[in-house]
Amino acid sequence: MLNSKIGIFRRVPLRSRQWQSVMEHHEAQRMMQDIQSGQVEVMIFFKISRRSINEKELLEFSDYFQKYNADLISLGESIDTSSSSGRFFYTIISAMSQWERENIVKRIKSFVEVRA
């Protein structure tokens, strides 16, 4: 885990909804400004799949955090990007989340076509 002092800065309800980008959410924009200014060093969240609608955005999120020496911690997947193995597993889980979303869309489309 991180060696820095961790305090609760703010609880932010931030999740993707209806195929909208989390990065465009006003709370995400504010958080990114706080990361850039050094006020936020870590974001703790429940599950990676709740953070974004696609793999690219998840990886951009991670890159932004790395650029400003901040880390991501996923409680659901037990991932901490302060280590190289944590960053590796974050990337793998991001790809798996994208794969899962695409399969869900495919199943829903197949079901709608069958009912039509």
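## Helix α1: two faces

On one side of helix α1, H26 and Q33 are exposed. Exposed means over 50% relative accessible area, buried under 20%, and partly exposed in between, with a 1.4 Å probe and protein chains only. The model is predicted: local features need pLDDT of at least 70, side-chain atom pairs count only at pLDDT 80 or more, and totals for chains, interfaces and linings use all residues. Residues are numbered from 1 along each chain as its sequence is written, and side-chain values use heavy atoms, with hydrogens and water left out.

Helix α1 spans residues 26-36, and its buried residues are E27, A28, M31, M32, D34 and I35. They sit on the same side of α1 because they cover an arc of only 160° around the axis. That arc is taken from the directions from the helix axis to the C-beta atoms. The buried residues of α1 pack against β1 (42-45) and α2 (55-67). Contact here means heavy atoms within 4.5 Å. Just after α1 comes G38, with a positive phi of about 90°.

## Overall layout

The protein has three helices and three strands. Their order from the N terminus is α-β-α-β-β-α. Helices (H or I, at least four residues) and strands (E, at least two) are DSSP runs, numbered from the N terminus.

The protein has 116 residues, and 34% of them are buried. Take the contacts between residues at least 6 apart in sequence: 67% of these join residues at least 24 apart.

## The nonpolar core

The largest nonpolar core holds 17 residues. Such a core is a set of buried Ala, Val, Leu, Ile, Met, Phe, Trp, Tyr and Cys residues joined through side-chain atoms within 4.5 Å. I35, M43, I48, F61, F65, L72 and Y90 touch the most other members. Elements giving two or more residues to this core are α1, β1, α2 and α3. Helix α2 gives the most, with four residues.

I48 has contacts beyond its neighbours within four places in sequence. Its partners there are L58, S74, E77, I79, Y90, I93, S94 and S97.

## T81, a buried loop residue

T81 lies in the loop between β3 (79-80) and α3 (84-115). T81 is buried, with a relative accessible area of 5%. A polar atom of the T81 side chain lies 2.7 Å from the backbone nitrogen of L72. A polar contact is a pair of N or O atoms within 3.5 Å; within protein, one must be able to donate a hydrogen and the other to accept it, and residues adjacent in sequence count only if both atoms are side-chain atoms.

Not counting residues up to four places away in sequence, T81 touches D71, L72, G86, R87 and Y90.

## Positive phi outside glycine

N69 is not a glycine, yet its phi is positive, at about 55°. N69 sits in the loop between α2 and β2 (71-74). With 68% relative accessibility, N69 counts as exposed.

S78 is another residue other than glycine with a positive phi, near 55°. S78 is placed in the loop between β2 and β3. S78 counts as exposed, at 67% relative accessibility.
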